[in-house]
Amino acid sequence: MAALLEIRDLHLHMSSYEGSAHVLNGITLTVNRGEIWGLVGESGCGKSLTGLSISRLSPTPPAHYAAGQILLDGLDLLGLSMAQMQKLRGKRIGMIFQDPTTNLNPAFRIGEQLVDVALAAARHDPAILECPASEGRGVRRGAARQLAGQMLDRVGIPNPQARLDSYPHEFSGGMRQRVLIAMALIGKPDLLIADEPTTALDVSVQAQILKLIKANVADFDMGVLLITHNLGVVAQTCSHVAVMYAGNIVESGPVAAVIGQPAHPYTRALLAAIPTRDTKRGMLQGLAGTVPNLIIPPPGCRFATRCVFAMDACTKATPPLQPAAGGKLVACIRLAEIEEMANA
Amino acid sequence: MSYAMDDLTGPRFDKLRRAFFRFRQSKLSLLGGMLVALVLFFAIFGTALAPYPDHIAGGLDTSNRFVAPSWEHPFGTNELGQDVLSLVMAGTTVSVLAGFGVVLIGSVIGTIIGAIAGFAGGWLDEVLMRLTDLTLTIPGLILAMAIAAALGPGFGNMVIAISLSWWPGYARLVRGEVLAAREEVYVTAARAIGASPARILFRHILPNTVSPIIVKMSLDMGFAILTVAGLGFIGIGVRPPTPEWGTLLAISRSYMPEYWWTAMAPGMAMFVAVFGFNLLGDGLRDVLDPKARR
Amino acid sequence: MPDMAKPGAPMLEIVNISKLYPGRRGLFGRSDDVRALHNVSLAVNKGESFGLVGESGSGKTTLTRAILQLEKPSAGMIRFQGKDLSQLSAPELRQLRARLQIVFQDPYASLNPRMTVHDIVTEPMVIHHDSLGLTPRLRTDRAAELLGLVGLGAQHLRRYPHEFSGGQRQRICIARALASGPEVLVLDEPTSALDVSVQAQVLNLLCDLQDRLGLTYFFISHDLAVVRYLCDRLALIHHGEIVEEGDCSQIFDAPKSDYARMLIAAMPEVINFPN
């Protein structure tokens, strides 16, 4: 079966008054239906931009796609016009953003907002409403409202039909995020992109929201791209993970393989920086140095300036993603030696 | 040590250079800057460079009354035979200086009142703001006229009169900025260190409110010059022979439209000055916009 | 140097603190009173790291403000080295602030953008001149020393905050907090706004400073993993009340309250997958 989402060697430049920054340096990623991919990295690595690029929400004057393709079920998204992209958004690509407070219109009841999204999606696929397109507006609205109530129930909001008439401010943060998930799923998308969906929420609510996302994947036969800086979230929720650094994917593959046996020096460093039950006081490993300047990126591997295993050869060319043990792809030319040194 | 020394991030773009770069991006701002530079040049050197300095002092040349624009008199002569160009050049000093005076005094008074109101809060805030509101209920020009008439003619009195109607705008602006700055984390941090209220106001809050004040001052310059001219037009303020754009326009009104050049030069000068300061103010506001900062 | 407390003695005591925000009277009747804190009691001993864990709305921010005397509690008492804070005169309170300092959460907002790093770090020394008695020259030297202590350098003294990254700004905040020679540091989510690798550096710095300078930490956070790493004892606060308190290892191994169990279970752990 063809992959749901395929990003091939995507290069993105962002121009600012300081120059043009090479923010995405050859992103290659494949997401299949039923998979939850975590896209993880620290601030400035380009993970949010990758998510925005898929739905083309990044405005193209400052952004410029120099090379690469984004294929959704084989359809080249970068080649589509804005009008065509608009048809896909909400219908085939659902998005959830970080802050549930600012992403809901405070002036409208949530029922109206959900109905709007449902009707827009139904314009391109009447089957969503389970109501023929020939029916009058009133009937279609009714069907959309029914669907909205069902979605609210699905995301776990008690008293869904009654809550359709509530305003966003009458919900707590976690509830609002559930409403946003309902909105993202109401069009029955094939791909769900969630950009830091739980960062603004309390830990207890976070776990529930992640469980909710996971539960819906099978029902909708979706692929999910979960963008986050929190490796713990990835470990709990995702089936696969791609680790990003300074515009590159440095390691990707099944979550158990990447987190259980990290191969790339950055992945190792990242995991060593997270305090766990067994970390003794003073044993936490920080990472020296800072993220490179993407306007004048360093030659070759962008992590070389901070990598303890760096050699001269590392600065010659950007290391390609090579297959490694456990079904992973790792972008490091010293992979085998590092493995030996780590096991020694 | 498991933590390490970091290098500084990014290319070291000086904040000022970046701001100037943004300023240069806008053609209109540059135009404004150039016009203001031109006006300021004449404000400083106008009197010295005027081709007919004796006319500025009040000298007459009745044989050359109402000469049309020509090589000797690029903007013609007026009813007293004085060179209009010289008068306008010299008038730049008076008008611009008066404008500066008004904006400076108005902003100082307004900043003090607004800062106290915003920082102290409570009944002091209420009293000061009601005083501000009262001053705002009286139309600015009328208030200035009343005070100027009471104080008598003269440059200084005119500036004071207009300033007293000018400060409320600054008071409101500064009060709003101070109220916002009071909630900033670095102010809470200063309180936690043990800083006294005076220190917090002068060292932490006020320096961070300077940008909007400067923008407002620049935008106000144009209107201040217009107000000064307005008072001169009505006959309050400076009196001839001191050249001032407003008085020049007032006198030329009677000789329109035959001797149109007597009005054109002071009118154009005023236009250039006001337009230039407005553009500059807009440009400064874009550059100093706090959203673009950081 | 002000009189130091004996090791193990309680440095900071929070005794039955309550804070009630009265309801607002609107057009449609009176809204309910908000009970931000209710009978909160804690004691932080000299030399230890005490963690306070709570989610948003739990009251930890209110408690922090009460400790710093930025707000008066409705009931209860806060004692610092045995002295009741509400009974102190203004000059005495100011002197006390030299010994009790705070590091805030947001490194981008807690530094005055118009002040140089030098002025930021020397400001506490200027304010507490009467107890420290440093000349301007000595102040600059000490500022350079403090920057070195937190992993920055003397060349950074003349720079402005916007020229630094988040992690570096937080170090500047720590240097500022140490400038007056405090014994207790209140750390209000100091690493929540930082990336994981930067957080690790700052946490290591805090451990190092505590060992070197004998500091006492009151560490407030919502991140259980960080608290587990850094703290000796901890307390959980929920809806303004202390739900559980005790030794860190004890609470994590055998939580007594449902809330603690729920929080620990919800922690997103990077579980070590078996080979």
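Q: In which strand of chain C is C:Glu245 found?
A: The model considered here is predicted. In chain C, residues 241-247 form a strand, and C:Glu245 belongs to that run. The element asked for is strand S12.

Q: Is C:Glu245 buried, partly exposed or exposed?
A: Around C:Glu245 there are 19 other C-beta atoms within 10 Å. A residue counts as buried at 20 or more such atoms and as exposed at 12 or fewer. Because its count of 19 falls between these limits, C:Glu245 is partly exposed.

Q: How many Å apart in space are C:Glu245 and C:Leu234?
A: In sequence, C:Glu245 and C:Leu234 are 11 residues apart. The distance in space is taken from C-alpha to C-alpha, and it is 5.8 Å.

Q: Which helix gives the most residues to the side of chain A that touches chain C?
A: The contact takes 32 residues from chain A and 26 residues from chain C. On the side of chain A, the elements giving two or more residues are helices H7 (203-220), H8 (231-237), H9 (255-260) and H10 (265-272). With five residues, the one that gives the most is H8(A).

Note on methods
Residues numbered from 1 in each chain as written. Chains lettered and ligands numbered in written order. Predicted model: local features only at pLDDT ≥ 70, side-chain atom pairs only at ≥ 80, totals over all residues. Contact = placed C-beta atoms within 7 Å. Helix = DSSP H or I, 4+ residues; strand = E, 2+ residues; numbered from the N terminus.
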